[in-house]
Amino acid sequence: MKRRRKVGKNHNTGLSLNVLTEDECNEIHLATLEVMKDVGIFVESDEAIERYDGGGCNVDRETKVVKFPHYVVEDAIQSAPATFYAYGRRPEDDIVLDDNRVTFTNFGEGIEFVDPYTGEHRETRKADIEKAARIIDYSDHIETYERAMCSHDKPPEVQAIHNAEASLTNTVKHHWLGPVNKFQAKKIVKICETIAGGKEQFQKRPMLSFLSSPISPLKMPEHHCDIVMEAAKNHMGLNTVGMALVSGTAPIYLAGTLVLQNCEVLSSLVLDQITRKGSQFVYGSSTCPLDLRRATATVGSPETGMISAAVARLAKYYSLPCFVAGG
Amino acid sequence: MSELFEKMAKELIAGNEAEVKKLAQEAIDGGATARDVLDNGLLAGMDVVGKRFKAGEMFIPEVLLCARTMHGAMDILKPLLSEGDRAGAGTVVIGTVEGDLHDIGKNLVAMMLQGAGFKVIDLGTNIKSQDFVDAVKEHKPQVLGMSALLTTTMPKMEETIEALKEAGVRDQVKIMAGGAPVTQDFIDKIGADAYGANAAAASEKAKALI
């Protein structure tokens, strides 16, 4: 008995949590465009306001509110690459993020942990980051690295720079790192250029992407604007991580939260693409519910998983890579 | 009269503003002092709300509703209260420090403090040291609360305390600070008086400071 090869068969790989249909993505997108057009977003940075103005947005310099015509948002979504090249130190460390591909990163910024040697519950320090980066470097299944902890033993004004040094000297994988403000971002770029062997070499293979977050609801603080623009100017990847609190700083309906977060992330995307068209961008989300009894962010809740799955689907709808909380 | 106060507290816990206002007016008409109504009717009710919230039996929106109900009823009492009594449990000036726009934590603390009977003046976010100093001079609060979420803006807390010292008003006010990167060690280092790890703790600490 012979069984020939089947042709034209659709088949499935892996498992997927299909939270949103295409139509539902449309609804979220259209609602987002409406809010961005009519309500707008508060932009603290004057430089960013100028760029938005030059990019076709409607800006009010008095209230610092920027409103977006539909086409400006659509253009930015189009011009951002669908494939993100997460460069490592060597080509064999590079990871390609696109379409349905899934890989892992550790998360950050751990501010406290249980010291594995002494058992003490304490705040994290620079030396802890060095060790964490080594562990991630060794772990095959964690293909990119986020600065794991915070250099609390260094002055607050330069902790991000120390985080960068501790991380970059201990793993060859692509880095996600939050520089916190423009001053530290510029210094970290210098470190990366030195490691890469020059500005040109770094811009060709940027081994570090900046992480930055807007503030919900609908605020782009100055430091966030600065980081978006620095990433674009230096040909680096930008990972804008939304961190809305459902029922706290965002609507209690998850769809409403998705719309609000979408406005904030896409506003960041627009600034990124206006600063340098074609810049690499990742749609990030760490959005979770505010526990209405304990007044705390519940990052480990089921809703966080639902939101993360929805964001992944929404990012695919936009042909953008995404970065979501796995728990 | 005590039966009336009990009913008032019950309606406050249920968030019925119209009913509470009606009962407050009834109490005043019946000869109770405004201070009495505030303490034994309204604050007594908010006390229960605070306890239930701490025990995880009430939700933030419910607490907000009760606080709003209480402040609605205060409209009747305010013209009858003395200047000092109008401030209830005390006055708190609160704000997020310069360079920082985060406010949800601060807002939750302000809500808890209002619920505990404090008069809260919320300056907002991105508040310069000098503006904190000016607010202390103007409102003469018992407590000044500062919030920060970014490690890079924490140093502004120390700067504000120095500014208060220079202006000669540091001793007039107790200083509380909080926010994700803030720790007890940091509080001790900068010379603040108290640290609240979360909104409920902040409210307790504020009461203890007065």
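Two strands count as paired if DSSP finds at least two bridges between them. Helices (H or I, at least four residues) and strands (E, at least two) are DSSP runs, numbered from the N terminus. The model is predicted: local features need pLDDT of at least 70 and side-chain atom pairs count only at pLDDT 80 or more, while totals for chains, interfaces and linings use all residues. Residues are numbered from 1 along each chain as its sequence is written, and chains are lettered from A in the order in which they are written.

**View 1. Strands E9 and E10 of chain A.** E9 (residues 142-146) and E10 (residues 174-177) of chain A run parallel and share three bridges. A:His175 in E10(A) is the bridge partner of A:Tyr145.

**View 2. The open sheet of chain A.** Its seven strands are ordered E6-E9-E10-E11-E13-E15-E18, with parallel pairing. At the edges, E6 (104-105) and E18 (322-324) of chain A each pair on one side only.

**View 3. A helix on the sheet.** Helix H9 (residues 254-275) of chain A touches strands E13 (238-242) and E15 (281-285) of chain A. Contact means C-beta atoms, placed from the backbone, within 7 Å. The direction of H9(A) makes about 160° with that of E13(A); axes are lines fitted to C-alpha atoms, for helices over the stretch in contact, and angles run from 0 to 180 degrees between N-to-C directions.

**View 4. The two domains of chain B.** Domain 1 covers 2-85 and domain 2 covers 87-209 of chain B, with bounds from an automatic or database domain assignment. Their contact takes 13 residues from domain 1 of chain B and nine residues from domain 2 of chain B.

Definitions and conventions
Contact = placed C-beta atoms within 7 Å.
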